[in-house]
Amino acid sequence: MIENENNLEQQLQGQIPEYVEEAPEAPEAPKPAEEQKPKKIHVDDIHLPSMGPRIDKDAEDKFNQEHHISRLGESIFKNAEIRDGWMDVDRQYLGERDVFYPEDWQFKIRPATVEAIRNWSTIDDENANSVDRVFNEILKSCFAIQTSTGPLPWYNINAWDRFFFILLIREYTFINGDSKIEYSEDCPNCDNPVTFTLTSGNLLFDMPDPDVMPMYNRSKRIWEIDPEEYGLPMQGVITLWLPTLEKDINIRQWLATRYQEKPDRNFDPVLIRFLPWFLPKISKDDTIAQRQIREFKRKFDSWDIDTFKFMDDVITNIIVTPDTKLIQKCPTCGEEVTSLIRFPDGPSSLFAMESKFKKFGKK
Ligand SMILES: [Zn+2]
């Protein structure tokens, strides 16, 4: 496919930064390694879909295209059936995102245990890795997937649903409605205060356009896209796999190991953004992951600019963007108002137990 690799390499290096500027999750452009000082992108600056709320201007603008937006409205536990602490999650709560799981999957949750909550209290709100670790711990102990051929590990969920399931577990844990996370903002329509409540049902997701959905294969959880239909002289159908939480976890692990080896290492955030879509799995074994990622990088580096632009368009259009905003009806004027997701007391307050006692001390 590629005749002149050197030329192409130069061309790509010259061109990619332009696209990077436009890419919603890739604020830094990769620079040609020889001439430029490597730009540091810290591991915490690389944002994978599962990492929960990080709000940026692009996401906010994108959000405003109302017709893409899906949300849940109903009270989650109205018809809940409780057995032995484990409860089947009614899949309709996933809304339009339900299509990204095979039909025979059943999700189960149980309330966070005292042990998990104790663990939760160790979260360091300022440290993304700490929040990440404890979020995963909650899922590990309180979330399960059952399929017609047996159970599947918790990390098989799509990365964008992680925070949704965590909030579901939270709501099940505090089923009596104590421990609400709320904050107020003025209604842009009438200036009266609107109270926003952080619940799974109030999360909003930016969905792919309906006209690209026929290219999604539900039973295999893959996208199959024929580049020839878009005038690209490429042979064969492009297969893209959904970005699962497992892949996010293993990419983060791989990144962390690379940083340990060489703290001033330069990563290409565009490559990292593409990675989970182009590999069905990413090994948790560092040697294998390294080989897989290197192999993908070779392919990624071989794309000409048209191919890159096409792939970038595809990823931008098929991704589900989570967790940017909450929606609430203004009690005064009835307008539907949105607000950026906030944790007024940090993510650690999500599973903080409310004590009936008067607090001892100020710390
Ligand atoms: Zn209002």
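1. Residues are numbered from 1 along each chain as its sequence is written. The model is predicted: local features need pLDDT of at least 70, side-chain atom pairs count only at pLDDT 80 or more, and totals for chains, interfaces and linings use all residues.

2. The protein has 9 helices and 14 strands. Both are DSSP runs numbered from the N terminus: helices are H or I with at least four residues, strands are E with at least two.

3. Of its 363 residues, 28% are buried. A residue is buried if 20 or more other C-beta atoms, placed from the backbone, lie within 10 Å of its own. Two residues are in contact if their C-beta atoms, placed the same way, lie within 7 Å. Of contacts with a separation of 6 or more, 71% join residues 24 or more positions apart.

4. Helix 5 (residues 162-173) is largely enclosed by the rest of the structure, because 12 of its 12 residues are buried. Among them are Phe163, Phe164 and Phe165, as well as Arg162 and Glu171. Its cover includes strand 3 (86-88), helix 4 (128-142) and helix 6 (245-261).

5. An open sheet of 3 strands runs in the order 10-11-12, with antiparallel pairing. Strand 10 (216-217) and strand 12 (238-241) are its edges, each pairing on one side only. Strands pair if DSSP finds at least two bridges between them; strand 11 (residues 222-225) and strand 12 have 4. Ile222 stands opposite Trp241 in strand 12.
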